[in-house]
Every structure is written in C-alpha cells, then in structure tokens.
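Here's a quick briefing to read alongside the model. Have the structure open as you go.

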Amino acid sequence: MNNKKRYIWPLYVIPFMSLLLYADATLSTIGARSMGDTIFTTEGNGGIDVAHYDLNLTWDDKTNGITAKAIIDIESTKKLSAFSLDFHDLNITSLLIDGKPAKFLREKDKLLITLPKTLEKMSTFRVQIEYHGVPSEATNSVSPGWARTKEGVRALSEPNGAKNWFPCNNHPRDKARYSFHITVPKGYDVVANGMPQDSTSQANKQSY
C-alpha cells in the first residue's frame with residue numbers, strides 16, 4: 001500500500017500546479033499587447049474598449065509636422081493596472097490619466113502606460129496625450145496613415161494606419177466615436193467624415 005501511494009502522489013501534484021499557473025495568468029491586470037488577430041498580429045490592445053477620441057491637431061505645411069493633443073475616453077474590460085496603445089514614432093511631451101501624470105514607455109509601435117491606480121472591470125477613465133513630430137509611415141501598415149501629397153496631406157487610416165498620427169487601439173474591432181479639431185495654414189481646407197462645425201480664423205491660420 002505504501003508503494004502505491006508514492007506513485008499516485010505525483011499524479012495529483014502536477015495537475016494542481018498547472019491549475020495554479022493558469023489562474024495566475026488569467027488574473028493578470030496588464031492588458032494584452034494585441035487583439036490576437038491572425039493577420040495583423042501586433043495590432044490592437046487588450047483590457048480596454050475605447051469609447052471616444054477627441055483629436056486637436058495643428059499642421060505645418062512647410063515641415064509636414066503636427067502638434068497635437070489626443071483625449072481618449074476608455075472603459076476597462078478587466079481589472080486593469082496597465083495597458084497599451086498603438087503609436088508610431090511621434091514624440092510625447094505629456095501623458096495624463098484623469099488629469100494626473102502617468103508613467104509610460106515606448107516599445108517599437110506600442111505605448112505602454114501604467115495607471116496611477118488599479119481599476120476594476122468596467123471602470124471609465126480619460127487619457128490625455130500631447131505630442132508632436134513629423135508622421136512617418138509604419139512599415140507594417142497596409143494603409144499609409146498620415147501622408148504628404150502635392151495638394152496638402154491625407155490620412156488614410158483603415159485598416160491599421162491610424163497609429164502614425166494619433167495614439168489609438170489600432171484595430172477595426174474596437175469601434176469608437178471621433179471629434180476632430182484641425183488647424184491649418186490659410187489657403188487649405190479640412191475635409192473629414194461626420195458633422196462639420198463652424199470654422200474660425202486666427203492670424204494666418206484657419207481652425208475647423
């Protein structure tokens with residue numbers, strides 16, 4: 001009987017350890033760095049559902065540079081202490097979560113953000129990111145995103161080009177509302193989908 005117990009004991013221990021390891025992985029509070037798409041394998045991010053993007057952007061026609069502020073309203077889809085957004089190359093000058101500075105770092109086209117405090121599932125929070133630079137085409141994008149043309153500039157973002165001009169959850173699966181506030185030099189017009197608002201003039205610029 002003693003010999004049988006010695007052989008049976010490891011059979012119980014190994015499955016039990018496996019269950020503990022699996023539970024630890026599923027309870028992680030860090031959002032995944034992709035949506036698991038088999039085609040766009042690095043695009044999108046887990047743990048978040050973006051509700052609204054408010055993009056305030058000024059374009060310089062001489063340099064093709066932009067100075068911008070993105071306000072992003074997000075709901076957590078799990079208990080969340082950190083998450084990521086897709087963002088290519090542009091320089092970040094400020095990043096706030098609900099008005100408070102948040103730690104972040106860049107890893108290739110991922111912007112990794114640590115929340116000031118861990119949030120429960122279905123919590124809402126606001127990310128404000130100020131940034132600037134000259135958009136460059138991301139090498140793994142199907143569409144060019146922000147690109148200079150003879151007439152001015154265009155932003156063709158679907159299906160995964162948006163990340164070269166604003167931080168986003170860069171996958172069509174995460175649908176959201178958008179507001180655009182675009183300032184350009186006089187002589188240019190701004191065209192976008194949605195409902196237009198009144199434009200205003202200031203010195204040599206026009207805001208839409």
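Starting at the N terminus, the order is α-β-β-β-β-β-β-β-β-β-β-β-β-β. Keep in mind that this is a predicted model, where local features need pLDDT of at least 70, side-chain atom pairs count only at pLDDT 80 or more, and totals for chains, interfaces and linings use all residues. Residues are numbered from 1 along each chain as its sequence is written, and side-chain values use heavy atoms, with hydrogens and water left out.

**The chain overall**

- Of the 208 residues, 39% count as buried (buried is under 20% relative accessible area, exposed is over 50%, and partly exposed is in between, using a 1.4 Å probe and protein chains only).
- The chain exposes about 12900 Å², with carbon and sulfur atoms supplying 56% of that (areas come from the Shrake-Rupley method with a 1.4 Å probe, and for residues only the protein chains shown count as cover).
- Take the contacts between residues at least 6 apart in sequence: 66% of them join residues at least 24 apart (a contact means heavy atoms within 4.5 Å).

- Strand 3 and strand 7 are joined antiparallel over six bridges.
- Leu 80 has Leu 119 of strand 7 as its bridge partner, and Phe 83 stands opposite Ile 113 in strand 7.
- Strand 3 is mostly covered, with seven of its seven residues buried.

- Ser 81 belongs to strand 3, which spans residues 80-86.
- Ser 81 is buried because its relative accessible area is 17%, under the 20% cut-off.
- The side chains of Ser 81 and Thr 29 make a polar contact of 2.7 Å (a pair of N or O atoms within 3.5 Å; within protein, one must be able to donate a hydrogen and the other to accept it, and residues adjacent in sequence count only if both atoms are side-chain atoms).
- Setting aside neighbours within four places in sequence, Ser 81 is in contact with Thr 29, Ile 30, Thr 114, Leu 115 and Thr 118.

- Another open sheet has eight strands in the order 5-4-8-2-1-11-13-12, and its pairing is mixed.
- Its edge strands are strand 5 (100-101) and strand 12 (200-202), each pairing on one side only.
- Strand 12 runs antiparallel to strand 13 (residues 205-207), and three bridges join them.
- Within that pair, Ser 201 stands opposite Gln 206 in strand 13.

**Salt bridges**

- How many salt bridges are there? The count comes to six (a side-chain nitrogen of Lys or Arg within 4 Å of a carboxyl oxygen of Asp or Glu).
- Arg 126 and Asp 73 form a salt bridge through their side chains, at 2.7 Å from N to O. This pair links distant parts of the chain, with Arg 126 in strand 8 (residues 124-133) and Asp 73 in strand 2 (residues 66-76), 53 residues apart.
- Arg 126 is partly exposed, at a relative accessible area of 41%.
- Asp 86 and Lys 110 form a salt bridge, with their closest N and O atoms 2.5 Å apart. Asp 86 lies in strand 3 and Lys 110 in strand 7 (residues 110-119), so this pair ties together parts that are 24 residues apart in sequence.
- Both Asp 86 and Lys 110 are buried.
- Lys 163 and Asp 109 form a salt bridge too, with the closest N and O atoms 3.4 Å apart. Here Lys 163 is in the loop between strand 10 (153-156) and strand 11 (177-185), while Asp 109 is in the loop between strand 6 (103-107) and strand 7, 54 residues away.
- Lys 163 and Asp 109 are both buried, and together with Glu 43 they are linked in a network of salt bridges.

Technical notes:
Helix = DSSP H or I, 4+ residues; strand = E, 2+ residues; numbered from the N terminus. Pairing = 2+ DSSP bridges.
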